[in-house]
Amino acid sequence: MNLRRFGNTAVTLFALIAAPSAYATTVTFDALPDYGTALDDYFNTGAFTPYVENGVTVTPTDGLLAWYTAPGLAHMDDSGTDFASGLLFTMATTFDAVSFSLISLGFNFFDEHGPLGETIHVTGFAGGSTVAFADYVMSGDYLDDQSFTLGSGFSALDALLIEIVYPANAPYCDAPCGHFDLDTVVLAPIVPTVPVPPAVAMMGVAGLA
């Protein structure tokens, strides 16, 4: 066999096998249970039920993970209800956290307030330690769509935590004060490099000769 004829093919195959790959995985919450179902599960099991979609496990940190205002949206409150204020995302492999989007449900202020602070906290973990952190301002406008792109620091993570926190500058606010519906979360699992068989490596080298 004349390996020169297949040189380009061999080199291409070599590159595909040797290079690590990643592809986007989107959590859309399309199969998320409603509030009543999630509450029944909690009463029956005594635990907050995780949600699994496309290889991603979403675990509520402190409340129910369910939809409330509309199917396919994960409702989150900052205080005072059965709903979670934090959601932890994990996979069977490490991953890059790419972006997330939400629909703001606004704030329940009783009185005038100052400029809204950063009430969305996002934390990236690797090896049990915090490796990335970002704060975002949730819109005070009802049903406002917001999208956030995470920076390069949110790479090679073991877990991603998205939280909504009670605003620090809101002494006259209800509980919950702020809430939103999490719409989509985009993660990119990191696929380990596949060892290149010696025969394939030799084909690549021969093709360059």
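Along the sequence of this predicted model, the elements are arranged as α-β-β-α-β-β-β-β-β-β-β-β-β-α. The protein thus has three helices and 11 strands, taken as DSSP runs numbered from the N terminus (helices: H or I, at least four residues; strands: E, at least two).

**Basis of the values**
- Residues are numbered from 1 along each chain as its sequence is written, and side-chain values use heavy atoms, without hydrogens or water.
- As the model is predicted, local features need pLDDT of at least 70 and side-chain atom pairs pLDDT 80 or more, while totals for chains, interfaces and linings use all residues.

**Burial and contacts**
- Of the 209 residues, 39% are buried (under 20% relative accessible area, 1.4 Å probe, protein chains only).
- Among contacts (heavy atoms within 4.5 Å) between residues at least 6 apart in sequence, 75% link residues at least 24 apart.

**The site at S85**
- S85 lies in the loop between β5 (74-77) and β6 (86-109), and counts as buried at 15% relative accessibility.
- The side chains of S85 and D62 form a polar contact of 2.4 Å (N or O atoms within 3.5 Å, one able to donate a hydrogen and the other to accept it; residues adjacent in sequence count only if both atoms are side-chain atoms).
- Beyond four places in sequence, S85 also touches residues including M76, I162 and I164.

Notes. Buried means under 20% relative accessible area, exposed over 50%, partly exposed in between (1.4 Å probe, protein chains only).
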